Amino acid sequence: MLALQIIIDGFAISALYALGALGFTLIFGVSGVLNLAHGAVLVTAAMVAWYVGTTLHGGAFGGAAAGILAGIVTAFATYFIVVRPIERSRAIPNAERELFVLTGTLLWAVMLQTILSYVFTTTPITVQELVGGTVNILGVKTPWNEVLIAAVSWAALGLLWLLVNRTRAGKQLLAASINPRGLTLVGVELGQVHLLAWLIYGILAGLAGVLLGGFLGTSSAYIPALTGSAFAIVVLGGLGSVSGTIIAAYVVGYLETLTAYLVDPSLRAIPALVLLVLVLYFRPQGFLGRR
Amino acid sequence: MKRQIIISLVGLAILGIAPLCGVSDYITGVLTMICFYAVFAMSWDLLFGYAGEVNFGPSFLIGLGAYGAGMADSIYGWPVPLCIAAGTLAALVGGLVLAVPALRLRGPYFGLITLVAVLLLQDAIVVFAGTTGGEIGLSVPDVLSVSATVNFYYAFGLMALAGVVIFTVANSPFGLILQAGGQDPVEAQALGFNIVKHKIVAFMLSALFSGLAGAMLVFYLGTASVSAMVDIAVGIQVIIAAVLGGRRTIIGPVLGAAFLIGAGEILRPLGQLSGFVVAAFALGVILVFPNGLLGLLQNRRRA
């Protein structure tokens with residue numbers, strides 16, 4: 001029974017991790033930006049969802065919608081306030097742009113973190129669950145909310161796959177990640193593609209933030225650790241590789257669930273970190289990365 | 001260059017006599033923290049500004065120094081200088097274990113390894129709470145000195161020493177090779193320089209001073225704690241100080257540290273918002289003046 005429980009819990013948490021890390025890898029793949037404010041975007045969405053849903057009595061779905069909207073707004077703010085000025089600045093040497101994006105988004109994360117704890121609260125909160133009750137899966141009592149989280153995460157992953165592989169705009173995203181210069185040569189405005197990428201990023205991060213906030217709770221103090229986890233999953237899978245990210249999310253999710261159930265819940269984060277260090281030392285490009 | 005040296009010597013002299021001019025112990029305490037953070041920021045700048053590597057884990061080295069020294073004192077009861085040496089050694093060994101494999105990686109991968117190192121150290125401290133004091137922190141029985149002025153001079157001396165050493169190294173041929181490796185690794189290697197070896201030496205120098213400052217900070221604050229020495233937020237403060245002051249100058253980070261700690265104290269009445277104001281200001285500076293406060297000062301003079 002314990003084995004089945006681990007399989008079910010691990011599946012749901014891993015799907016959520018995949019969703020949470022996907023936006024991060026998408027933005028890196030398309031525009032080469034490592035957004036260190038990623039955790040802050042997730043937590044902003046969760047906090048707004050909690051505030052609208054619980055404090056303003058907007059209901060679980062009203063809260064979730066507000067949370068996703070907050071994710072989109074924060075994503076665009078990150079792009080327009082931090083990333084684009086750095087990309088367009090003439091005072092910053094090209095070789096150092098990446099370092100400036102890293103430090104700029106890090107500062108932006110600190111700003112968001114302090115604003116969140118000032119406006120909302122510093123104590124950990126839990127976003128209202130979208131559905132209540134439990135379901136019996138082969139004898140394991142599972143909350144409906146957990147089933148929903150897994151389903152929504154996979155639906156989002158599926159939709160993204162359809163978008164990238166079956167639509168014109170999606171193919172442009174893919175092209176931008178493979179050869180941006182080639183894309184501009186065939187007459188596509190790269191700025192538009194980046195805007196689309198940040199929009200998708202905002203939706204994914206908003207959704208992931210709301211679901212995470214309902215599943216594990218959230219707090220502005222979690223921001224650095226969340227950014228760290230997303231970064232870790234993405235690097236483990238290979239920077240910019242979507243399928244690698246999903247595989248890595250499952251490896252990390254199951255490692256954590258196994259540790260939590262079989263060893264000690266307080267040690268759950270450690271094995272994944274050790275695995276990450278080993279992978280970085282022996283295969284820095286990750287599972288499916290290209291260098 | 002000559003001008004930079006003269007200005008920093010004058011600045012040092014003013015800072016050095018300030019505690020003798022009858023300022024309150026509170027001000028002396030703030031100046032002491034500025035000195036410690038200046039050491040952290042200078043050590044970080046050597047790696048970021050010159051070698052072009054973002055080290056997200058300055059607090060890994062600081063924390064190793066702090067906890068190494070703190071545990072040597074609280075468990076073995078060694079004399080303070082020996083504890084500080086033990087802490088520094090811990091930072092050097094930890095830095096070596098981290099750096100040798102990690103510096104083969106470039107850019108974001110190196111940054112991530114250093115970030116993970118901080119998280120692991122934090123986990124280790126909590127897991128071994130019995131010997132490390134866990135989340136509450138580890139209080140040490142000894143202090144550097146009970147006098148605020150004497151404490152300041154320890155920190156000031158450390159800052160002056162670190163400043164001279166790091167500045168000299170950064171402006172030596174070694175520093176030039178480091179810069180070349182940071183900006184164009186392929187060409188620098190084609191010229192026959194072993195980039196990785198240079199980076200490891202730079203990292204060890206950074207570890208030496210970060211660890212030493214961390215170890216001394218323990219005996220200044222009387223406690224080693226995750227929130228003061230290991231937390232990612234500490235590392236972020238160091239990074240803000242260095243970038244805000246002006247990367248690749250060594251002197252700039254001292255300015256940045258002074259600004260950061262000073263502004264943090266002045267804005268204390270704002271409570272949580274003070275962090276926001278400082279971060280927003282730092283972001284504004286790096287967006288508009290990527291060369292930081294020092295670059296701003298120099299531009300104005302040139303114009």
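Biologist: How many residues does the contact take from chain B and from chain A?

Modeller: Two residues are in contact if their C-beta atoms, placed from the backbone, lie within 7 Å, and here the contact takes 32 residues from chain B and 38 residues from chain A. This is a predicted model, in which local features need pLDDT of at least 70 and side-chain atom pairs count only at pLDDT 80 or more, while totals for chains, interfaces and linings use all residues. Residues are numbered from 1 along each chain as its sequence is written, chains are lettered from A, and ligands are numbered from 1, in the order in which they are written.

Biologist: Which elements give two or more residues to the side of chain B that touches chain A?

Modeller: Helices (H or I, at least four residues) and strands (E, at least two) are DSSP runs, numbered from the N terminus. On that side of chain B, the elements giving two or more residues are α5 (108-127), α12 (232-245) and α14 (273-288) of chain B, and α5(B) gives the most, with 11 residues.

Biologist: How do the residues of that side divide into nonpolar, polar and charged?

Modeller: Ala, Val, Leu, Ile, Met, Phe, Trp, Tyr, Cys and Pro count as nonpolar, Asp, Glu, Lys and Arg as charged, and the others, Gly among them, as polar. By that scheme, the side of chain B that touches chain A has 26 nonpolar, 5 polar and 1 charged.

Biologist: How many helices and strands are there in chain A?

Modeller: Chain A has 11 helices and 2 strands, and from the N terminus on its elements run α-α-α-α-β-β-α-α-α-α-α-α-α.

Biologist: Where is Val33(A) found, and is Val33(A) buried or exposed?

Modeller: A residue is buried if 20 or more other C-beta atoms lie within 10 Å of its own, exposed if 12 or fewer, and partly exposed in between, with C-beta atoms placed from the backbone. Val33(A) is found in the loop between α1 (2-31) and α2 (38-55) of chain A, and Val33(A) is buried, with 27 other C-beta atoms within 10 Å. Not counting residues up to four places away in sequence, Val33(A) touches Ile27(A), Phe28(A), Val83(A) and Val101(A).

Biologist: How far apart are Val33(A) and Arg97(A) in sequence and in space?

Modeller: Val33(A) and Arg97(A) are 64 residues apart in sequence, and their C-alpha atoms are 9.8 Å apart in space.

Biologist: What percentage of the 291 residues in chain A do buried residues make up?

Modeller: Buried residues make up 53% of the 291 residues in chain A.
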